[in-house]
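Here's a quick walk through this fold, starting with the sheet and ending with a pair of helices. Have the viewer open as you read.

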Amino acid sequence: MEKMTLYEELKWRGLVQDISSPELIDKLNEGGLTFYIGTDPTADSMHIGHYSSFLISKRLAKHGHHPILLVGGATGLIGDPKPNAERPMITKEEVEHNIQGLKKQAEDIFGFDVVNNYDWTKEINVLDFLRDYGKFFNINYMLAKDKVKSRLETGITYAEFSYMILQALDFMYLFENRNCTLQVAGSDQWGNITSGIELIRKKLDKEAYGMVMPLVTDSTGKKFGKTEGNALWLDKNKTSSYELYQYLINLEDSMIIQYLKMLTFLTPDEILEIEKQHLEAPEKRIAQKALAHEIITDLHGEEEFNKAVQISEALFSGDLTGLSADDIIVGMKMLPSVKINGEIKLIDLLVDNQICSSRREAREMLSSNAISINNEKYTDENALINSSIAIDGKVIVIRKGKKKQYLGIFE
């Protein structure tokens, strides 16, 4: 494929949904812009949805632009309006705790220069806020924004309604104090970004820019990284590399090439080659494995990726050779777990912990060679299970049939 400009490549990867002005195209291609992307501290870790948005900042940085991450110590106390309900308020103590976690992640993973909008909003009193900023926002203009419009029937509080002004204030502050002329975000932030551009134009008579990327979703429109109602965290202590690997390796074929474009630094030629191999043999999951490798090594390093693959193969085959108890407990924490005190007969272990529904079922499973512990078949219901057979004296993996597995943890 012929070499593309930065903007052409961003478009090819599906990373541009809208820009505020055609002038931005040349500025992106030339490099040298200071831009910011923001997140509110609703948790002490970012999740994979943040990764898909923030990765564009790494791309811009590679082309000579300077990224700033704004952590919303102020806006996080208010909450960006959700489309269908008010966000629950979190305490100032929680916000501060979350900021520290996000700040460390942002610096370690993305190399961001991190700022906190609480630093420049904490001294603004309500009268100055209304006179210096509120007077520049027409209510009709604010009501027309998608996020506000979607809440008019169910109701929106004045606090949430003011969020747009607070974000616009952030853009203007960074414009004046950090020469930040561009805000980048997911498409759901378009209304807030354009409000900041308007504020800068009205108060300073200067031009700022905005760019939004499409939200990364699956083929049904469900947000990328949402699994059974839970987020996949970038903190490996919250979501292990193995859990992340399993999510990525099982992504649907119809979306996988688009994910490679949006979520990796593989070159267009490399992606086209992977696409060719994927179409020839989709059952090999070549594209999914490539995506898992790129994301996990970027977040946690090559060693963590290799460990995730090793754990995955061990779970599939039952061969736990080379894995420590800690590897198993962390890597397989999504499995149902049972606590074991001292020594217990196998049939009691199976029935007391609902691995089998009854002693009859337990005996049937044992007699048909359907129960194994640490990949060793068991048929004797009176076999004594104790820490002597556990890995590092701590953990056993109980397999029932071909698919059901449980962690047994010795206390």
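Two strands pair here if DSSP finds at least two bridges between them, and strands (E, at least two residues) and helices (H or I, at least four) are DSSP runs numbered from the N terminus. This is a predicted model, where local features need pLDDT of at least 70 and side-chain atom pairs count only at pLDDT 80 or more, while totals for chains, interfaces and linings use all residues. Residues are numbered from 1 along each chain as its sequence is written, and side-chain values use heavy atoms, with hydrogens and water left out.

**The sheet**

Strand β2 (residues 34–39) runs parallel to strand β5 (residues 180–186), and three bridges join them. Look at Thr-34: its bridge partner in β5 is Cys-180. Helix α3 (residues 48–62) packs on the sheet, touching β2, β3 (66–71), β5 and β6 (209–213); contact means heavy atoms within 4.5 Å. The direction of α3 makes about 165° with that of β2, with axes fitted to C-alpha atoms (for helices, over the stretch in contact) and angles running from 0 to 180 degrees between N-to-C directions.

Zooming out, the six strands form an open sheet with mixed pairing, in the order β1-β6-β5-β2-β3-β4. β1 (18–19) and β4 (113–116) are at the edges with a single partner strand each, so one side of each has no neighbour in the sheet.

Helix α12 (residues 241–249) packs against helix α16 (residues 302–317) at about 70°, with the axes 8 Å apart. That makes α12 roughly perpendicular to α16 (the range for this is 65 to 115 degrees). On the α12 side, the contact is made by Ser-241, Tyr-242, Tyr-245 and Gln-246, and the α16 residues include Phe-305, Ala-308 and Leu-315.

**Aromatic pairs**

The structure holds five aromatic pairs, meaning rings of Phe, Tyr and Trp (its six-membered ring) with centres within 6.5 Å; planes under 30 degrees apart count as stacked, over 60 as edge-to-face and the rest as tilted. Here are two of them:

| Pair | Centre to centre | Angle between planes | Type |
|---|---|---|---|
| Tyr-36 and Phe-171 | 5.7 Å | 70° | edge-to-face |
| Tyr-245 and Phe-305 | 6.0 Å | 65° | edge-to-face |

Tyr-36 sits in β2 and Phe-171 in helix α10 (residues 163–178), so this pair ties together parts 135 residues apart in sequence. Both Tyr-36 and Phe-171 are buried (under 20% relative accessible area, with a 1.4 Å probe and protein chains only). Tyr-245 belongs to α12 and Phe-305 to α16, so that pair links parts 60 residues apart in sequence. Tyr-245 is buried at 8% relative accessibility, and Phe-305 is buried at 11%.

Conventions
Angles under 35 degrees count as roughly parallel, over 145 as roughly antiparallel, 65 to 115 as roughly perpendicular and the rest as oblique. Buried means under 20% relative accessible area, exposed over 50%, partly exposed in between (1.4 Å probe, protein chains only).
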